[in-house]
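User: I want to go through this model and ask what lies behind the labels. Please set each value against its cut-off.

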Amino acid sequence: MIESLKNFFYPSSICIAGASTKEKSIGYELLKTILHYGYTGKIYPVNPKTDEVLGIKCFKKINDISEHIDLAIVVVPKLYVEETIDRLISRNVKSIVLITAGFKETGLEGESVEKRITEKIKNAGGRLVGPNCMGVINTSDAIKLNATFVAEKPEHGTIAFLSQSGALGAAVLNSLRETDIRFGHFISVGNKADVSENDLLEFWQSDPSIKTISLYLESFSDGESFIKNFADGKINKPVLILKAGCTEAGMKAAVSHTGALGSSDRVVTAVINQFGICRTKNLTELFNSAKGFESFPLPVGNKIVVVTNAGGPAIIAVDALEKEGLQLAELKEATKMKLRDIVHPEGSIENPVDLLPGGTAEQFKSVNQLVADDDNVDAVVSIFVEPVMVPAFEVVENINSVTADKPILQVVMPLPEFWNQYRINSKYKTPLFRQPEEPAKVLVNMLRYKNINRTVERLKPSKSVLELKPENRFLSPSEINLLAEHYKLPLIKSFVLNERELGKASFEIGFPLVLKGLSSEVIHKSEAGAVAVNIRNSEELIEASIEISKRFNRQGLALDGFLIQPFIKAKHEILIGGFRDPSFGPMIMFGSGGKYVEVYNDTAIKSAFLSEQDIDDMISSTAIGKILAGVRGEKEINISALKEIIKSTAQLMLDSEEISELDFNPVIVSSEGEFFIVDARVKVW
Ligand code: ADP
Ligand code: MG
């Protein structure tokens, strides 16, 4: 699979189907950009109407090209796309970038053509990028391919960038001379008819010229495969994602609490964090972090020192650091003493170190060197606001020359002329940041990447115990019993019976007990007045059953029977649930339970491919988890038993693909610290 992508970035020859002599047309601009950037391979433009385009030989038909074609870029009008693809296939072209739009994004008809073309290419053993995309770039000297219509000359670097949106990709390329992002590879994947982020992740992981992978996504092609790549430890390069479309509502038509609380955006955030991927909020954050990975060593810890010549920006920087959970380093006395010799007497030798507006380039250099050499410091944020008397360029270059194996992130707030001067004259070209709050995110992303354990044991699917047909129903109590037994889930002993059998069953369970009216029409029993708790004797039992029957009658609900179970005096009510996300597959949820789950909204979700650490994180990230672990000297409950229940529930979700949603709500924690699942609902597709 990886080999099949190679020619998209490393072609020795390319064919441009639809090259044009008409200025400002895509077929013209694309070829012009390719020539302008200095592609090192052979170029075969094709256009039936001309022999020459932009000074090079043009072929009338694809079949006229007798040499081998590694990569075809197709920009012909939509009407000719299929015919062109057929020709390319017949010429044994295996890598095709289809830039032309007007397919799936336009409706059903376009979708079916797109499908047909994709199948043809795949059946011939080829791969398709696009359609509706804007091309590919490889900046390496050996290739020098800019097969997009943005006439920029991107500088070479180690960042790979995938954009699902063509326009956004173009915008990023347009801004290169301002943002100084240095790409190794760029690809716009458009409709992702074939090649998707999953292919490229694998490809870039294996390509030594790429150090950091950055993705702009609007949707995941196959979220479960995406996270499996990480779960299996196959991807270990830093991966940064900007995922747009954050406001999607919860799972449509969710029938459980778990489903309703598991909105797709929460799922995305949860899995991204779980597998050590960095989710960024905007493009600045995405590329700042990518540059961070590209240019700085990973910080060892979270102790940061701020060096500045201005108070305000330093405060903003410190706020941002603290918000990200980073800490201000405590400088060693020895460091402070040395700083005292350099820093103006009215400046500060405490962190943030303040050189005052008079701080010179030499002072900035010595101070940065001193704090970077301090063992208590893991990273430096150096801020320079250009005053009248000290030129920015000198300061920045001086700091760039500091030798340290720690990141030194510079924030520069100069006159606008500075940026061009830096771009042209800098010896180091280290990335600079424009706002004092920016370095915090970069450092936290680098730290998170460094701290993630990529080789942890995770739960894996095994064989399902139930032969379930996907028939869109809730499992019966006896089916749930079977599951609970197999997965050692602490399901409370219950009996399902009719009115007349109540008396007998109450003997077996004993008082106090709980009576629940059952109906296939009722999802939340307490809402229908179908739950009577703490029933202490037979009279109360009869009374409660009559009351429930009446209520059902009044609401026109069919009463299918009663369920009785022991009454457990609850110390806490928790929720453990699972659902199958349409993209990311089996998910697991833990949090505060009971009737008011939606109100408390105190839940954590993760992919069911759990590690021990994930389970600990789920528990400790919720309020109820913290309470269970023991607050204010309260006796802590048996957390390892709780972890086992979460683990078994996740295993159940992994094993039984037919289960779409399940809800154990509540799982009661008794005053003795024991767990009882008193309400279990399991839905199959
Ligand atoms: P539903 O969720 O359908 O409304 P539940 O079976 O979860 O019905 O019951 C609702 C509430 O009743 C629970 O949140 C809990 O407070 C209480 N409850 C249910 N079963 C028991 C039980 N066996 N012991 C103690 N309290 C219970
Ligand atoms: Mg319930």
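Analyst: Accessible areas here come from the Shrake-Rupley method with a 1.4 Å probe. On that basis the chain exposes about 29,900 Å². Carbon and sulfur atoms supply 52% of that area. Keep in mind that this is a predicted model.

User: How do you know how confident the predictor is in the chain?

Analyst: From pLDDT, the predictor's confidence in each residue, on a scale from 0 to 100. The chain has a mean of 93, and 96% of its residues reach 70 or more. Residues 249–254 are another matter: pLDDT stays under 50 there. The model gives that stretch 13 contacts beyond four places in sequence. Where pLDDT is low, the predicted coordinates should not be read in detail.

User: What makes up the chain overall, in helices and strands?

Analyst: The chain holds 24 helices and 31 strands. Its C-alpha trace spans about 95 × 80 × 40 Å along the principal axes. Of the 685 residues, 56% are buried. Among contacts with a separation of 6 or more, 71% join residues 24 or more positions apart.

User: Why is Val599 called exposed?

Analyst: Exposed means over 50% relative accessible area. Val599 has 68%, so Val599 is exposed. Its place is in helix H21, residues 597–600. Together with Tyr596 and Tyr600, Val599 makes a nonpolar surface patch of about 390 Å².

User: What makes Glu224 and Lys228 a salt bridge?

Analyst: The test is a side-chain nitrogen of Lys or Arg within 4 Å of a carboxyl oxygen of Asp or Glu. The closest N and O atoms of Glu224 and Lys228 are 3.6 Å apart, and the pair forms a salt bridge. Both residues lie in helix H8, four residues apart, about one turn of the helix. Glu224 is partly exposed at 25%. Lys228 is partly exposed at 32%.

User: Which residues of H8 are buried, and what do they pack against?

Analyst: The buried residues of H8 (223–231) are Gly223, Phe226, Ile227, Asn229, Phe230 and Ala231. They pack against helices H7 and H10 and strands E12, E13 and E28. Just after H8, Gly233 takes a positive phi of about 70°.

User: How do you know that Lys332 and Asp375 form a salt bridge?

Analyst: Their closest N and O atoms are 3.3 Å apart, and the limit is 4 Å. The pair links distant parts of the chain, 43 residues apart. Lys332 is in the loop between strand E16 and helix H13, while Asp375 is in the loop between helix H14 and strand E18. Lys332 has 33% relative accessible area, so Lys332 is partly exposed. Asp375 has 60%, so Asp375 counts as exposed.

User: Why do Lys525 and Asp679 count as buried?

Analyst: Buried means under 20% relative accessible area. Lys525 has 13%, so Lys525 is buried. Asp679 has 15%, so Asp679 is buried too. Their side chains meet in a salt bridge, 2.9 Å from N to O. This pair links parts of the chain that are 154 residues apart.

User: What makes Asn665 and Asp679 donors of the magnesium ion?

Analyst: A donor here is an N, O or S atom within 2.8 Å of the metal. Asn665 (O) and Asp679 (OD) lie 2.1 Å from the magnesium ion, ligand 2, and are its protein donors. Asn665 lies in strand E29 and Asp679 in the loop between strands E30 and E31, so the pair ties together parts that are 14 residues apart in sequence. Water is not among the atoms, so the site may look incomplete.

User: How many salt bridges are found in the whole structure?

Analyst: The search finds 27.

Conventions. Residues numbered from 1 in each chain as written. Chains lettered and ligands numbered in written order. Heavy atoms only, no water. Patch = residues over 30% accessible without salt bridge, like charges linked within 9 Å, V, L, I, M, F, W, Y side chains within 5 Å. Helix = DSSP H or I, 4+ residues; strand = E, 2+ residues; numbered from the N terminus. Buried < 20%, exposed > 50% of the residue type's maximum accessible area, 1.4 Å probe, protein only. Contact = heavy atoms within 4.5 Å. Donors = N, O, S within 2.8 Å, 3.2 Å for Na, K, Ca; no water.
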